Amino acid sequence: KNVVVSYPPITEPTRHRGAHSSACALPLTCFPLCKAFAQQKEPKMTSRRRFCVAALLLSATSAFVSKPVSKPQLRPARQPTRVAPSAALPQVVATAVAALPKAVCALRMPTIRQLAAAPALYALMSINEYFTHKYYQHAEFNTSPWFQWLARTFVYGPLGKKVPKTRGGGHVEHHAETLDDMTLKTDAKWRSTKVAKSLDDDLYRGTAFTWTVTGIMTFQMLWTTIPTFWLMGYKLKHTFMCLAPGMLLHAAVWNALHPNMHSLPDIPISDGVPSSWLAWARSSKFFKFLYVNHEGHHVIGGKGNYNVCCPLTDHLVGTFIPEKAWRPRARSTYASWHGEELSVEQQIKNHIARESFGLGEVQIAPGAKKGDAGGAAGWVEKAELLAA
């Protein structure tokens, strides 16, 4: 719509007091013109204001949807100068040596109870090994009045049963086929006997500490280990923490020693504690002593040196026989027993088995007659008597 503006009539201002009065009257006459001009520009100013508000909102929104600004590429840190291992070794050694006093001071001194745990367990294992070997494996339980009385009075008598006969778990048969040089009888005549056939089902012919035997000995050890360690102040769980690794170590020593010294194969983990765990130690002085000690056990007909892996009880009860006492009695060898029926393959196995312990040639004087069993004499009859 057209705006009709009425203007008041313009009159000539009256001059009062000179030119100053006319100059002051000019803005008053121009004010209606300025107001009309502002009313015409108001629509255009409103559009510009809206445009500025929209631009401001758009710029604020773009801050949330714009792409992230990539980090400026930093200049890589300066790599330190590489030092040769041989040059850095003295500093490493010096640091380790300097830390030793602090580490030693941080350690606690073991108590008497802790120091006594290992010797106590070893002594118990030696006693258990001695009695198991002598009275169970050699079946001397059957002829011991004291053990027969204990079994009859406290075990089988109250149950109204007769004391059973112990057969030794194949150990008696093992003595019957072992010669003085620790080789085994392999001739057809021996293998056809009833005693030899009783060992044919066992690949290790009664010499191995299988998982079953390990479990039986562990059960036997419980009756002495638990009370002893209880008196020493150990809890049941701590007792088993000592007993379990001790039994595994005993079986590892036995399986690394006994089957191999009789030229039999090593024990895999499927049958027992592996022989390979300690096979590397066969040439050590400790294993050499165990070999010679058990060799004497066979030569003297199983009448001493009952400890196999834990020597101690034999020395305490007087059944230890030194080598100088039993060596002159050794007389039977693989060659003297078999004569012309020698097996070259078996001879090689026997030689390798002895060399693995670093013992060299067999120290047995020649002259034994063919068929002389040496220390194995009498064990065949004992095995047959037990089997009857």
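Aromatic rings and the charges over them

Me: What makes K185 count as lying over the face of W337?
Reply: K185 lies over the face of W337, 4.2 Å from the ring centre. A charge sits over a ring if NZ of Lys or CZ of Arg is within 6 Å of the ring centre and within 35 degrees of the ring normal. R113 over the face of Y234 also qualifies, at 4.5 Å. This is a predicted model, where local features need pLDDT of at least 70, side-chain atom pairs count only at pLDDT 80 or more, and totals for chains, interfaces and linings use all residues. Residues are numbered from 1 along each chain as its sequence is written, and side-chain values use heavy atoms, leaving out hydrogens and water.

Me: How many aromatic pairs does a search of the whole structure find?
Reply: The search finds 13. One is F131 with Y135, which is stacked: 5.6 Å centre to centre, 20° between the planes. Rings of Phe, Tyr and Trp (its six-membered ring) pair if their centres lie within 6.5 Å; planes under 30 degrees apart count as stacked, over 60 as edge-to-face and the rest as tilted.

Me: Why is Y135 called buried?
Reply: Its relative accessible area is 17%. Buried means under 20%, exposed over 50%, partly exposed in between (1.4 Å probe, protein chains only). F131, at 36%, is therefore partly exposed.

Me: Why is the pair of F131 and F147 edge-to-face?
Reply: The ring centres of F131 and F147 are 6.2 Å apart and the planes stand at 65°, so the pair is edge-to-face.
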